[in-house]
Amino acid sequence: MERLGATAGFVREQDTSVLLSRVLPHLDGPELRALTDRCVFAHAAVLVFPPDEHTLRRDLAACGLSADASAQPSVVVRERLAARHGRDPVDLDVRILRPVVRGPAGEHRAVEVFALTLPPGSGSSGIAAEERRLDHEAHLAFDVARPDPLVLRGLLASFARHGAAADGGGYNPHEDGTVFYFTAPADTKTPYRRVELYASGDHHDVLTEHLGGPHTPGGHTGRSHIPAGHARQPCRPRPGEPQPAESLLWLLTGAWTTQALTACARLRLPEAMNRHTGLDSAELARTVGADPQSLATLLRYLAMLGVVSEGPDGFRLTDVGALLDAEAPGSMRPLALMYGGPFYQSFGHLTHTVRSGEPGFEHLYGENHFDHFARDPELATLFDQSMASSAAMFDPLPTHPVLTAAATAPGGPRTVVDIAGGTGELLGRILTAHPALRGVLLERPQVLAAARTYLDDTGVGGRCDYRAGDFADVPPGGDVYILSRVLHDWDDDRCRTILRHCAEAMPRHADLLIVERLLPADAAPSLATAWDLHMMCNTGGRERTADHYARLLEAHGLELVGRTPLALGAHVLHARGLRD
């Protein structure tokens, strides 16, 4: 909290002219006045390490900042941290908040807070210690007033002349703004080593020069160089922009984005591209069997999204786009085909769902999605594959204390029962991590064949039993029961029935682990909020808060005793029978 409070105090106290003279100590009077006329101090950034959301909000309030400031995932900062510390990005929960503060004359400013959540015992305390010592993500930001190419070139030249070194930048189409980053000169008089200049509008010529590359008309060659976290964040408020109509237009194009990603996957563009050598649109069109001009239009849109990048040698695949490659580890191609296919069609009936309460999927197809998929083996396979696309959220689960305790308990092998466990992705990970455990997979008959194949290929099939059935068939006698992404498919009445079957089957000593996304207790942005809408429209289910799950569990003699965050916005809830 001390770092957060110091940053907030710094932002409140600074005069733009004085601050510029400290950032660039050798500015003379006339040049300082010229910069002050064109640059306005906007924010300072700080990286903090709260153990949970509640502590972060409490610390914001204690520093005189709005505890209600919205939080968004900060993808780029997460990736930078993962690269610096040799971690998988999905293991790092980094969010960005911009609580507003006022300057000494009432100026509108912000504290840009990057929050890396580190629960107690997370094993990542070394990241916090190293980042506090080196302060990589701390920076100052100035907004450029009335930017035009001549003004920008003059400002950039002034910064360079006084020892600041270009350090990346990019264009953000969602804000329609261009960011220029600098490393501060060695003799800077502030504790911040990085400086940002933000100019509204698209200044690709000046940006290309800043990044040291040749000018390519229409080519935003610097977009992939943004290092700090702005390029993939929603718009931040800036004086006089963006206009509400422009913001709404960007929101209304969301359907185009879904279909562009789905077209990319269906055309198998990722398989035809790579991340190291560019290919022109005509060559790619021949490879995937597409009209060259139409494909060029799609590629430009995908470049704006960050799925591909465009350079002098053509189009290359980005790390984001690589996830649409069918053969990539953790491929999300099946998700793209589901979200741009049957679930896209059913979302066209969202208004009907809101009016009637009937899922759009049932209204469109005349049956619930489980029955519909059961009659279409090809679609059922795609659905199972799409569920496996989010398997990254399972990575930390085998180390959960409940599973570790079961694996090391004396008295013979303990059994993990995975209820409606799909093709066995999660159970396979658990049994691989704990050779002493046995598994039981309860699933529909048509899914078990694929599950046997997967678990045999994983090398754990010999320790697994298979039960064909429904929720009424939960096998008794297990030691750990798992419901992973099951309860959100159903309404509360059906969830109570499922939990009743679990409670009846569980021995007194058994534990229940539930994997779900949790709705935030406040209005903070969350993947769970988006999935809540998705479940309502497609399955008739819903996402829930932790307290809601606790009430459902308690109704059947089960107590929620803990929860642990996972990747992709998920949590694992730990429940056990109420003790006398």
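**A serine and its surroundings**

Modeller: A polar atom of the Ser346 side chain lies 3.0 Å from the backbone oxygen of Phe343. A polar contact is a pair of N or O atoms within 3.5 Å; within protein, one must be able to donate a hydrogen and the other to accept it, and residues adjacent in sequence count only if both atoms are side-chain atoms. The model is predicted, and local features need pLDDT of at least 70, side-chain atom pairs count only at pLDDT 80 or more, while totals for chains, interfaces and linings use all residues. Residues are numbered from 1 along each chain as its sequence is written, and side-chain values use heavy atoms, with hydrogens and water left out.

Ser346 belongs to helix α16, residues 342-347; helices (H or I, at least four residues) and strands (E, at least two) are DSSP runs, numbered from the N terminus. The relative accessible area of Ser346 is 0%, so this residue is buried. Buried means under 20% relative accessible area, exposed over 50%, and partly exposed in between, with a 1.4 Å probe and protein chains only. Apart from neighbours within four places in sequence, Ser346 is in contact (heavy atoms within 4.5 Å) with Gly360, Phe361, Leu364, Cys537 and Asn538.

The aromatic rings come next. The whole structure holds 13 aromatic pairs. Rings of Phe, Tyr and Trp (its six-membered ring) pair if their centres lie within 6.5 Å; planes under 30 degrees apart count as stacked, over 60 as edge-to-face and the rest as tilted. Phe343 and Phe361 make an edge-to-face pair, with 6.1 Å from centre to centre and 65 degrees between the planes. This pair links distant parts of the chain, since Phe343 is in helix α16 and Phe361 in helix α18 (residues 360-365), 18 residues apart. Phe343 and Phe361 are both buried. A stacked pair is formed by Phe370 and Trp490, at 5.4 Å centre to centre and 20 degrees between the planes. Phe370 lies in helix α19 (residues 369-374) and Trp490 in the loop between β15 (480-484) and α24 (492-505), so this pair ties together parts 120 residues apart in sequence. With a relative accessible area of 19%, Phe370 is buried.

Ring pairs also join Phe343 and Phe361 to Tyr339, Tyr365, Phe373, Phe383 and Trp531 in a cluster. Over the face of Trp531 lies Arg517, at 4.2 Å from the ring centre. A charge sits over a ring if NZ of Lys or CZ of Arg is within 6 Å of the ring centre and within 35 degrees of the ring normal. Arg194 lies over the face of Tyr181, at 5.1 Å from the ring centre.

Elsewhere, helix α23 (residues 445-458) has 14 residues and reaches 20 Å from its first C-alpha to its last, close to the 20 Å expected at 1.5 Å a residue; the expected span is 1.5 Å times one less than the number of residues. Val447, Leu448, Ala451 and Leu455 are buried in α23, and the buried residues of this helix pack against α20 (377-388), α22, β13 (438-443) and β14 (464-468). Gly459, which follows α23, has a positive phi near 95 degrees.
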